[in-house]
Amino acid sequence: METQPVGWHVHTWGQEGDGTKLLKEGSSDISTNMHVHDLFHEDAQGFHQPSQPWWRIKVFVWEPVLFGTWDGVFTTCMINIFGVVLFLRTGYLVGNTGVLLGLLLVSVVVLVALVTVMSGIGVGEHCGVGGGGIYSMISTVLGGRVGGTVGLLYVFGQCVAGAMYITGFSESVAELLGLQSQWAVRCMSAAVLLALLGINLAGVKWIVRLQLLLLAVLAVSTLDFVVGTFTHLDPEHGFVGYSASLLSSNIVPDYSPGENFFTVFGVFFPAATGVMAGFNMSSDLQRPEHNIPVGTLAAVLTS
């Protein structure tokens, strides 16, 4: 039997005794320290976490919440597709390109969106959808360096898109209230941004709840727009209803100075970028490999 140094003892681990280690006397409390460290692990926080005030428990979401196809993916995609571009620039599109070329332009946008969605679904089925959404998928296919670079560009694009949506909302509300000052639009945009930040800090559960409310508002507003084309006629302001003469006069393009097909396409194309919003919910879904394809395709076809 081999002798051990004075003050050392043999420590074994594993069920079959497949390993030994020499520990100095007094260092046996490492396991105790590890046990104490485990007490502060996320799985044990529920037993040792001090009681939170009721308002923090009700407002802030501490436990992870997983969503399904319709509340997690479908709603998110619909909210992003029916954005400020669709409401504020559809008339601009038809007025410049006409009815036929406008239908072609929208079809091209939808085709590009479908190709992107099908590519994402294919990557998700073969490589899996990680917790990082688009960034995780790109990193899996192209590697961490390319994925990190594209991920930074994607995040920057999301920030620009958020600024566009907030500015469009603020300008519409300011025009409705009769406020023509740019500072009114800027202050309103800052207030909306802070409100959205608070909702994000409260947790994804509140985000989905707000999205369900916004989706209902968007559905009512879209229905109101369609019904208004039949019921609200005001020839003095251009609302003359459906007629063959109106269709014939808008069938061909009539571009404003400085506009062409590609400038109109560039203005309207951001409406299709919302189809990827469902992929970014991957870490909050119950079954991402099933929820993302069904919810995203349903949102594209519905919109």
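Predicted model: local features only at pLDDT ≥ 70, side-chain atom pairs only at ≥ 80, totals over all residues.
Residues are numbered from 1 along each chain as its sequence is written, and side-chain values use heavy atoms, with hydrogens and water left out.

**View 1. H5 against H6.**
Helices are DSSP runs (H or I, at least four residues), numbered from the N terminus. H5 and H6 pack at an angle of about 65°, with their axes 10 Å apart, and are therefore roughly perpendicular to each other. Those axes are lines fitted to C-alpha atoms over the stretch in contact, and the angles run from 0 to 180 degrees between N-to-C directions. The crossing of H5 and H6 is left-handed, meaning that the near helix is turned anticlockwise from the far one by less than a right angle (clockwise would be right-handed). On the H5 side look for Gly120, Val123, Gly124 and Cys127; on the H6 side, Met137, Thr140 and Val141 make the contact. Contact here means heavy atoms within 4.5 Å. Sorted by class, these residues are four nonpolar, three polar and no charged. Nonpolar covers Ala, Val, Leu, Ile, Met, Phe, Trp, Tyr, Cys and Pro; charged covers Asp, Glu, Lys and Arg; the others, Gly among them, count as polar.

**View 2. H6 against H7.**
Here the axes of H6 (residues 134-142) and H7 (residues 144-177) come within 7 Å and cross at roughly 150°. The two helices are therefore roughly antiparallel to each other, and their crossing is right-handed. H6 brings Ile134, Tyr135, Ile138, Ser139 and Leu142 to the contact, while H7 brings Gly144, Val146, Gly147, Gly148, Val150, Gly151 and Tyr154. That makes seven nonpolar, five polar and no charged residues.

**View 3. H5 against H7.**
H5 (residues 84-127) also meets H7, with axes that come within 9 Å and cross at roughly 60°. H5 and H7 are therefore oblique to each other, and the crossing is left-handed. Val84, Val85 and Leu88 of H5 touch Met164, Tyr165, Gly168, Phe169 and Ser172 of H7. The classes come to six nonpolar, two polar and no charged.

**View 4. The cavity.**
A cavity is a set of points, on a 1 Å grid over the protein atoms alone, where a 1.4 Å probe fits but cannot get out; lining residues have an atom within 4 Å of a point. The lining includes Gly120, Gly124, Phe279 and Glu289. H5 and H12 (288-302) each give two or more residues to this lining.

Conventions: Parallel < 35°, antiparallel > 145°, perpendicular 65-115°, else oblique. 1 Å grid on protein atoms, 1.4 Å probe; cavity = no way out; pocket = protein on both sides within 12 Å on 5 of 7 lines; lining within 4 Å.
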